[in-house]
Amino acid sequence: MNTNGWLQLGLYVVALVVITKPMGLYLMQVLDANGRTWFDPVLRPLERFTYRLMGVRADKEQDWKQYTLAMLLFGLVSCLFTYAILRLQHLLPLNPQGLGPLSPDLAFDTAVSFTTNTNWQSYGGESTMSYLAQMVALTIHNFASAAVGIALAAALVRGITRHSARTLGNFWVDLVRVTYYLLLPICLVFAVFLVSQGMIQNFKPYTKAKLVESFTIQVPKVDDKSQPVTTNVAVMVQEPKLDEKGQPVVVNGAAVMMDVPQLDAKGQPVMTNVAVTVDQKVDEQLIVQGPMASQVAIKMLGTNGGGYANANAAHPFENPTPLSNFLQMLSIFSIGSGLTYFLGRMAKNQAHGWAVWSAMMVLFLAGVLLCWWAEAKGNPIHQQLGVAVADGNMEGKEVRFGIFNSALFATITTDASCGAVNSMHDSFTALGGFVPLFNIQLGEIIFGGVGAGLYGMLVFVVLAVFIAGLMVGRTPEYLGKKIQSYEVKMAMLALLVLAVSILGFAAWASVSKWGLAGLNNTGPHGLSEILYAFSSANGNNGSAFAGLSANTPWYNTTLGLAMLIGRFLMIVPIMALAGSLAQKKVSLPSAGTFPVSGGTFVVLLLGTILLVGALNFLPALTLGPIVEHFLTAGGKLF
């Protein structure tokens, strides 16, 4: 933890503070159907034409049920559209590499992933997706899913700030205005900036480069019908090596193990069928090309996170310079931070908006510092082998970014529901990996995904106000509205949907053959890989402990279902909460009214988040990264 890291962290926080108010003020205009922006002369005619094309009346608002139904229908249609493109990409244009169609389960997983703003990728983008699939199926979803999240947050804020009302706005108007006036203009400028930093944006076929030094790999041998050739071999197991006296050989306190054939009940070797491999010389490399900058711009701003290349933001084309790295991290939080200011303006209580922002910032800084400290401290087992303590844990990290920028990026991308990565989270230390996993399980409410972070945090605000009312013995109130049993039930239902789905799917996978078959590690780290996958899917994050091999029918299907639950089943009770609050009357504040600004409120909100949100996952976290940390300190790796 050096001076350079502290200066970069300070610069990041200052930059975020500076852009919060302008972004919030601009969101006020974008999320007002009659709001005015700089782009009106160009975009207003296009907006009106879009409404006519869709048959939408911009002046007709919807109640919470109509708003939610419109959102669900939009999600369904767009998901089916994406699934069709992925299954038919071999028949469609802009496929210079001749890439084939995705399997049904992978196409389902991917279509759901991008529809729900998760962008979980069980594939390598450059080796799987055509240019058309990248641009039409995926990039369009990056805009649409981000716009949906912002629209939902705006609807909840309207429900909180309106009184004696039945409507929350018009979903189609919010969707169009957010896309046209917010996401498209900023992404256009951002993409041009990224190109200036060295990011590619073209339609060329992949470049073939001759290697200076060729190498040999092993590949499956196939017959004349292109079917794998197999052979029977004995199953080997490990047993202690014995000396001439029949005693185990011990070196440095540990028994020396050796491979021996596994025997059946009759004393015969157990045989299994394995693929035959042959050597293949590799003397050239394919270098990815394509429309990358346009996808990366919205991937970061819209907290989507799905990489154009498999290495995501660790790829030199996707993240060419330290400046591109810094601005990509800043773009992840920019809209989420601005929405807290939007909340304050709409509620006519700016101090409340800054209080919510402050709670998010405290949690963000705590996560960054813990992750940075754990990675800078390094792996004690590596240090015993001669790795310098000062080097920290550089496994899985880009040397050009180093430990601090890797820890900062990992914290930001999981505070938000982004999921982009510039380092491999599976290679973090146990406590370093704990931070992104814990961030996701909190619901990614720390600035969060665009829109999703705010509406997730407001669920905790409602619960915090309810708890405060119980402590002082009076009916809880939030911004003058009484919080009653219905609102508390909807808030708790939203939180329980997330917890039950994450823990349920993870428990199922951890005791199933299909779940265990995908593990790259055993013990607590293996559990962490499974837990992280379903946390990421339910939290609509998309990052992974990449040691898990998830491109199987079982994982693709269960992760897809988890994404749908985490996005849509959580949204329904939140929208019901918004509808209920909109209908309530506002009571004038009195001496006993609990203030929703200031240090006391921030502390109560933080306590509610940690006690109500985090304790659901403490037993699972204890069995995963926490116990792994202590075992690593004792000299054991997994």
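**Close-up views of a predicted model**

**View 1. An aromatic cluster in the predicted model.** Y12, F326, F333, Y341, W354, W357, F364 and F447 form one aromatic cluster, where rings of Phe, Tyr and Trp (its six-membered ring) pair if their centres lie within 6.5 Å, planes under 30 degrees apart counting as stacked, over 60 as edge-to-face and the rest as tilted. This is a predicted model, in which local features need pLDDT of at least 70 and side-chain atom pairs count only at pLDDT 80 or more, while totals for chains, interfaces and linings use all residues. Residues are numbered from 1 along each chain as its sequence is written, and side-chain values use heavy atoms, with hydrogens and water left out.

View 2. The ring-pair rule gives a count of 28 aromatic pairs. One of them joins F333 and F364 edge-to-face, at 5.4 Å centre to centre and with 75° between the planes. Because F333 lies in helix 9 (residues 322–346) and F364 in helix 10 (residues 350–377), this pair ties together parts that are 31 residues apart in sequence; helices here are DSSP runs (H or I, at least four residues), numbered from the N terminus. F333 counts as buried at 0% relative accessibility, and F364 likewise counts as buried at 0%, where buried means under 20% relative accessible area, exposed over 50% and partly exposed in between (1.4 Å probe, protein chains only). W508 and W514 form an edge-to-face pair at 5.3 Å centre to centre, with 85° between the planes; W508 is partly exposed at 38% relative accessibility, whereas W514 is buried at 14%.

**View 3. The largest nonpolar core and a separate one.** In the largest nonpolar core, which has 166 residues, L182, L183, F364 and F534 touch the most other members; such a core is a set of buried Ala, Val, Leu, Ile, Met, Phe, Trp, Tyr and Cys residues joined through side-chain atoms within 4.5 Å. A second, separate core of 11 residues includes L106, A107, M129 and A133. Leaving aside residues up to four places away in sequence, L182 touches M23, Y26, L27, V30, I150, R177 and I335, contact meaning heavy atoms within 4.5 Å.

**View 4. Salt bridges around R177 and elsewhere.** The model has a count of 12 salt bridges, each defined by a side-chain nitrogen of Lys or Arg within 4 Å of a carboxyl oxygen of Asp or Glu. In one of them the side chains of R177 and E47 meet at 3.3 Å, N to O; since R177 lies in helix 7 (residues 171–196) and E47 in helix 2 (residues 40–54), the pair ties together parts that are 130 residues apart in sequence. Both R177 and E47 are buried. K482 forms a salt bridge with E477, their closest N and O atoms being 3.4 Å apart, and here K482 is partly exposed at 34% relative accessibility while E477 is buried at 9%. Salt bridges that share partners join D40, R44, E47 and R177 into one network.

**View 5. A nonpolar surface patch.** L69, L73, L76, V77 and L80 make a nonpolar surface patch of about 500 Å², patches being made of residues with over 30% relative accessible area and no salt bridge, with like charges joined within 9 Å and nonpolar side chains (Val, Leu, Ile, Met, Phe, Trp, Tyr) within 5 Å. L73, found in helix 3 (residues 64–88), is partly exposed, with a relative accessible area of 45%.

How values were computed: Accessible areas come from the Shrake-Rupley method with a 1.4 Å probe; for residues, only the protein chains shown count as cover. Helices (H or I, at least four residues) and strands (E, at least two) are DSSP runs, numbered from the N terminus.
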